Amino acid sequence: MAHIPVAEDDEMINELVVHNLEAVGHTCVQVYDGAAVLEHLNAGEAIDLLILDVMMPKMSGFEVIEAIGQETPAIFLTAKGGVMNKVKGLLLGAEDYIVKPFEMLELIARVDVVLRRRQPKREVFTLASVTVDLGTQQVRRGSRPISLTPQEYQLLETLIRNRNIALSREKLLDLAWGIDFYGDTRTVDVHIQKLRKKLDWTDHIKTVYKMGYRLETGS
């Protein structure tokens, strides 16, 4: 669930938006002018999404986005439905633009879409008690971290992304070392042996006769 400040100077709309977002599990802060949004951001609290009315006292929603940049995702709420206003909001970096009056179910659905889009997808591969987080490049056996060199990790990730596929030594050099590498294919053999030992994957990193290697996962 997300933390979502709602900046809307119409108290009734503000209350309604907050009530519905909190009903589905989000936490909200109510603010009623653009300057208050900046004060909240400057307080250093983690924010997942902003709901911003365009026409607010002190600072408009457009001015708020211009001040904070595009790092914090925002959805504009506005009575201004003209194409140029929508274009301006989107060009400033808003994730969405909803024209009043709107259905609360539509707002909740659009909030969910933005939050899913902004959340980094976590890719985790697990085999024989070894877990590889492909986002953070952390490798563990059970709870114990496994130390790999950068090149060992690149080879490991190449095997994982091409699991159950036989890859020649030349192909592994291209994918894990890069086309500019001028070393010998025996380099692959040396690194494969190191991975087998460190990960205890002797039964999973298979030698393909006269070709190369394959990571077998059984699925």
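**Questions about a predicted model**

Guide: Asn164 has its place in the loop between helix H6 (150-161) and strand E10 (167-168), and the model in which we look at this loop is a predicted one.

Visitor: Why is Asn164 called partly exposed?

Guide: The relative accessible area of Asn164 is 32%, and since buried means under 20% and exposed means over 50%, with partly exposed in between, Asn164 counts as partly exposed.

Visitor: What makes the phi of Asn164 worth a remark?

Guide: Most residues other than glycine have a negative phi. Asn164 is not a glycine, and yet its phi is positive, at about 65°. Asp200, in the loop between H8 and E11, also has a positive phi, of about 60°, although it is not a glycine.

Visitor: Is Asp200 buried or exposed, and how do you know?

Guide: The relative accessibility of Asp200 is 56%, and because exposed means over 50%, Asp200 counts as exposed.

Visitor: Which side chain makes a polar contact with the side chain of Lys100, and how do you know that the term applies?

Guide: It is the side chain of Asp53, at 3.3 Å; a polar contact asks for N or O atoms within 3.5 Å, and therefore this pair can be given the name.

Visitor: Why is Asp53 called buried?

Guide: Asp53, whose place is in strand E3 (residues 50-53), has a relative accessible area of 3%, and because buried means under 20%, Asp53 is buried. Leaving aside neighbours within four places in sequence, the residues in contact with Asp53 include Ala7, Glu8, Leu77 and Lys100.

Visitor: Why is the pair of Phe62 and Phe76 called edge-to-face?

Guide: A search of the whole structure finds three aromatic pairs. In the pair of Phe62 and Phe76 the ring centres are 5.1 Å apart and the planes stand at 90°; rings pair if their centres lie within 6.5 Å, and planes over 60 degrees apart count as edge-to-face, so that is the name for this pair. Phe62 in helix H3 (residues 61-68) and Phe76 in strand E4 (residues 74-78) are 14 residues apart, and the pair links distant parts of the chain. Phe62 is buried, with a relative accessible area of 7%, and Phe76 counts as buried at 0% relative accessibility.

Visitor: What makes Phe125 and Trp201 an edge-to-face pair?

Guide: The ring centres of Phe125 and Trp201 are 6.4 Å apart, within the 6.5 Å that a pair needs, and their planes are at 80°, over the 60 degrees required, so the pair is edge-to-face. Phe125 in strand E6 (residues 124-127) and Trp201 in the loop between helix H8 (186-199) and strand E11 (205-208) are 76 residues apart, and both are buried.

Visitor: How do you know what kinds of residue line the largest pocket?

Guide: The lining, which includes Met1, His26, Asp48 and Arg116, divides into four nonpolar, two polar and four charged residues.

How values were computed. Residues are numbered from 1 along each chain as its sequence is written. This is a predicted model: local features need pLDDT of at least 70, side-chain atom pairs count only at pLDDT 80 or more; totals for chains, interfaces and linings use all residues. Side-chain values use heavy atoms; hydrogens and water are left out. Helices (H or I, at least four residues) and strands (E, at least two) are DSSP runs, numbered from the N terminus. Buried means under 20% relative accessible area, exposed over 50%, partly exposed in between (1.4 Å probe, protein chains only). A polar contact is a pair of N or O atoms within 3.5 Å; within protein, one must be able to donate a hydrogen and the other to accept it, and residues adjacent in sequence count only if both atoms are side-chain atoms. Contact means heavy atoms within 4.5 Å. On a 1 Å grid over the protein atoms alone, a cavity is a set of points where a 1.4 Å probe fits but cannot get out, and a pocket is an open set with protein on both sides within 12 Å along at least five of seven lines; lining residues have an atom within 4 Å of a point. Ala, Val, Leu, Ile, Met, Phe, Trp, Tyr, Cys and Pro count as nonpolar, Asp, Glu, Lys and Arg as charged, and the others, Gly among them, as polar. Rings of Phe, Tyr and Trp (its six-membered ring) pair if their centres lie within 6.5 Å; planes under 30 degrees apart count as stacked, over 60 as edge-to-face and the rest as tilted.
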